[in-house]
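Please look over the model shown here and follow the notes below, which take up a few of its elements in turn.

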Amino acid sequence: MEYKIPEPVLRAAERLKERYPESVQEIRTHRDEVTVEVDATRVHTLIQSLRDDLELPFDFLVDITAVDYLDYDDGMRYGLKYHLLSMKHNLRIRVSARVDDPEPRVRSLADLWPGANWLEREVYDMFGIVFEGHPNLKRLLNPEYIQGYPLRRDYPTAGLGERDIFDQPALEPEEVLRKNPVPLSGELN
Amino acid sequence: MSPENSMPDLLLPGSSAVAFVEPIDDEQLILNFGPQHPAMHGTLRVVLRVEGEKIVEGEPDIGFLHTGFEKLGEAWTYTQWIVTTDRMNYLSPVANNLAYTMAVEKLLGMEVPERAEWIRVIMAELSRIADHCVWLGTHALDLGAFTVFLYAFQEREKIYDLIEIASGARFTASYTRIGGLRADLPDEFLPALKDFQDHFLAMVDDVEALLNANRIWMDRTQGIGVFNAEQCRLWGVTGPAARGAGVDRDIRKAEPYLTYDRIDFEVPVGEHGDVYDRYLVRMEELKQSHRIIDQCIRNLKPGPIRHPDAKYTLPEKKEVYGSIEGLIHHFKLIMEGHGPFPERGEVYVANETANGELGFYLVSDGSQRPYRLRCRPPSLLHYQAFPQMAKGYTIGDSVGILGSLNVIAGELDR
């Protein structure tokens, strides 16, 4: 199937690289999508620059999510993915930023888009990435007392036994695993 | 919110999930709304700070239906995860199947045959109608119009009968497969669909006659929950809720997929951004979906319904039982170690579902399981904006606002 890379998006990515040459690490394309790999310490500035671009403003925040690259490659462990959309031109772009253990953190976009609030809370809930400047950073989907970050690759798919200890105070993950060992992600089948 | 802020107060075990538990002064009351409440569609909870009847502030608490679909996506193969998509927006299940399958097909760079595309559009529009029927019924019921609930749910029953004819199950259809569909439409489907089409618009007309100029309906919905286009952009609101505010954007027109660029239809856009305009937008969408299905029925030609490369998609059942190649391919695809092996990469595919932009973000590491599977649900962004929309209105109005957003807990929590 033929996929065409939209030229205006590539040009917008190149303009961003011209403005911030040391922060934009790579411009990748796959199928008909453009991904800009950036330095995580400058994510806020670069995304604001994309939002305020004069020719192709990416004014709509579609999604913020993260990927745990523990089993994928040898770079930094977490990849934050910001999906942006230009409503007038109907073009999309993805901004990717890597952060690493032991304290993955990045600046929050909640001041640019109020909708980023819950999206970042979910990333914190699932991966443990801290968003600096976030007005209300706490768990979103999981109960507030659980330990660990479920979507990390080293968190077992079957959980740490939280359902069995609903009424008890949360145990340390190692204690729970010692009491009821569970198969790790991928071994279920 | 400066970058010099130190690490925010992380929630310790035992503390409450919501930000405020004490009223600020004697005039205010903290009211817990949900998660078990007839007007809270599904398991939604919001803690409201009210002064008399007026809502001053609200904080939603979600996660009651959180099942870990995205984590399961890493444990299961691409084809196995299709059944999970049924459970997300459970009112329009085939639309979710479709959005996910299209994302995997983009990851593989795979095209589907034309007949499959037309049938997928029929299923997507039927799902949209079903979702809107439930929205209509429950929204009207919340605001007191019980008759509309019965009319809308009767049409919904017919749609589920149609989906059952096509896929075998009413709700959890899992009708699409990577590269096409599960099976071709049985012979009974098209006559039943034409029968549905003949009687559907009468229901829409009846409901419009009951509600559009109804004094009570207009008082309870006009000027309520106003959210303008700029706020929709800031909060990530898409779909009928945004179109009610004047945002003229529908993915089916803006970034056409399947055969939508060959179909003649209109996208209704409102003006005021209140509950009434969102209602009008969805009612018009029902009529437009009806029009789309008519054109699909006319354009449907015989042909294959799965991608011809049997190494990626399950061969049709008659080949499995009739030829040795079909049998071997079927065996290899189902058993461990075989199946679609997309190349390394990431894709994001967005569909226009009944609620707005449903997106799937997939990362592949070259194996037969997704490395990361992310679903971007419209309900999450809408429910986040709900307290903003309800600020300054009464508790009774907030029920109408929530109904107009059509927040579905399965999609919200995953």
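## Helices across the sheet strands

In this predicted model, helix α3 of chain A, residues 116-127, lies across β3 and β4 (78-86) of chain A, and runs at about 5° to β3(A). Helix α1 of chain A, which spans residues 7-19, lies across β1, β2 and β5 (91-99) of chain A, with a direction at about 170° to β1(A).

## The sheet of chain A

The strands in question belong to an open sheet of chain A, in which 5 strands follow the order β1-β2-β5-β4-β3 with mixed pairing. At its edges stand β1 (24-30) and β3 (60-68) of chain A, and because each has a single partner strand, one side of each is left without a neighbour in the sheet. On average, and with direction ignored, neighbouring strands of this sheet are turned by 20° against each other.

The partner of β1(A) is strand β2 of chain A, residues 33-39, and the two pair in the antiparallel sense over 6 bridges. Within this part of the sheet, Thr29(A) has Val34(A) in β2(A) as its bridge partner.

## Lys317 of chain B

In chain B, helix α12 covers residues 317-322 and includes Lys317(B). The relative accessibility of Lys317(B) is 48%, so this residue counts as partly exposed, given that the class lies between the cut-offs of 20% for buried and 50% for exposed. Along the chain, Lys317(B) and Asn32(B) are 285 residues apart, and their C-alpha atoms are separated by 53 Å.

Methods. Residues are numbered from 1 along each chain as its sequence is written. Chains are lettered from A and ligands numbered from 1 in the order in which they are written. This is a predicted model: local features need pLDDT of at least 70, side-chain atom pairs count only at pLDDT 80 or more; totals for chains, interfaces and linings use all residues. Side-chain values use heavy atoms; hydrogens and water are left out. Helices (H or I, at least four residues) and strands (E, at least two) are DSSP runs, numbered from the N terminus. Buried means under 20% relative accessible area, exposed over 50%, partly exposed in between (1.4 Å probe, protein chains only). Two strands pair if DSSP finds at least two bridges between them. Axes are lines fitted to C-alpha atoms, for helices over the stretch in contact, and angles run from 0 to 180 degrees between N-to-C directions. Contact means heavy atoms within 4.5 Å.
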